[in-house]
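Me: Please show me the model, and then let us go through the contact between its parts with the cut-offs stated.

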Amino acid sequence: MSEDVLGLADQVVDLVRRLAGPQAEAEVVVTRADLALTRFANSFVHQNVAESGVSVRLRVHADGRTAAGGGSVVTPEGLAALVERVLAAARLCPPDPAWPGLTPRSPVPAAPAWDEATAFAEPGERAERVRAFVDAVGGLEAAGYCRTGYRAAAFANSTGHSAQGVAAAAAMDGIARTGGADGVARLHVDRLADLDGAALGARAAAKARAAVDPVELPPGRYEVVLEPAAVADLLHNFAMWGFNGKRHAERQSFAEPGVAQFDPAVTLVDDPLAGSGLPFDVEGTGRRALTLVDAGTTVAVAHDRRSGAAAGVGSTGHASPEAATFGPMPANLRLSGPAPAGGDGAPAYAPAGGYRAQHAAGAGHGDGAGHGDGAGHGSPAPAGPLVDDATADLVAGVERGLLVSDLWYTRVLDTKSLVITGLTRNGVWLVEGGVPVRAVQNFRFTESYPRALGPGAVLGIGRRAVRQPDRFDGVWWDAPALRLASWNFTGGASG
């Protein structure tokens, strides 16, 4: 299939050359996508949807003007009409003196391995994971989705540069509900076979049961342990608003390369090839790991060719169809802490022994990092809010604070300092003496995400990340649990 889409990309480049002359510059991305989603609510599957199609994106620079467009009709007539539309649009556009030129011929990394069984999974295979999730919640109400996706893409431009690749992935996001309390479990994997619905369901159910009958606490600043689902929201907002080359150039970003803006425990890397993914962006630039924060010091932001040329650093492989409007953004961020001392597997920046004391009580553990279930597979059924050992080790060091499962409905109040307001959901617990003592009602918060992870503010980073899915295909976040010195809760969820 990748050879087929490359042939289509070459056809479009040839059409531009014939219709606009050899001086016109053109770049084309052709993508074949097969996306499928199985939804469940009230503990049964209520919808299965699938979409399969081919899309063509063309950008041209002719007579000093630039325009882009797309289509899904890949007949000769459809491709010719697309080229004519984009060339006509270019003639109406203002001059583009900042045009950075096309990507020259250059090597592109090899694509990571992709799993054919995941790419072409049947609805029944997704339904099996849903059934396992529902069975594992033990009679609680369950809802969520299981999805699979496949993309085969090819790039070609007028310089003769070309690239192609294939990617596949699966994800599950589900809640269990009892007595008005919810528990959540999410996971993104490269292989559907690695998605353990039963383990995820058991995790969600344990947290839901532990979240029943919450008490109200006063707002204020609390020490917190944020679980991976909550940390994923931090990474999403860092990517969109902080490490974005366009916003940085417009001085709308907090990022200051060369400045120690984060705690020394924090390293942030955008690593698109750490999972199944396409090895190039929509400009044909090879995608590689990009360190954004190194031991607390901001060192880079993401660029496409335009923002990179303006900054004098070149593209980092982060061009997207939306970059002209929203800017180039990382889409596969990994947060990690310092390596464990002595290599003995002790948690990085976390107190030892907290999990081991609770293991006999049934707290589960998984391997995290996007490679296992992250939800207790192969261990006793999880019980209570502490359903993995990496989070439990962080909680063990908290004298008084809050354990927070998830953040949502987050909105930016100030882009420069990245002050975010939002709500907690899917479980909050009061921690005293290193132990969650009771469930707490949801809070509204207002917090500067960079400040919350600033120098001296990070008290612990879980030793394993759990790969969290995003709502967009190809986007995921490698998120460990985080212990932070302070988080600003400004009121209850109702006001």
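Reply: Domain bounds here come from an automatic or database domain assignment. The model is predicted, so local features need pLDDT of at least 70 and side-chain atom pairs pLDDT 80 or more, while totals for chains, interfaces and linings use all residues. Residues are numbered from 1 along each chain as its sequence is written, and side-chain values use heavy atoms, with hydrogens and water left out.

Me: Which residues does the assignment give to domain 1?

Reply: The assignment gives domain 2 as 220-340 + 385-492. For domain 1 the assignment gives 5-209.

Me: How much area do domain 1 and domain 2 bury between them?

Reply: Buried area is the accessible area (1.4 Å probe) that two parts lose on being put together, summed over both. Of the area buried between domain 1 and domain 2, 53% is on carbon and sulfur atoms, and the total is about 3400 Å².

Me: How many salt bridges does the rule find across the interface of domain 1 and domain 2?

Reply: The rule asks for a side-chain nitrogen of Lys or Arg within 4 Å of a carboxyl oxygen of Asp or Glu. Glu227 and Arg203 meet it through their side chains at 3.6 Å, N to O. Across the interface of domain 1 and domain 2 the number found is 7.

Me: Which strand gives the most to the side of domain 1 that touches domain 2?

Reply: Strands are DSSP runs of E, at least two residues, and helices are runs of H or I, at least four, numbered from the N terminus. With 9 residues, the strand that gives the most to that side of domain 1 is β5.
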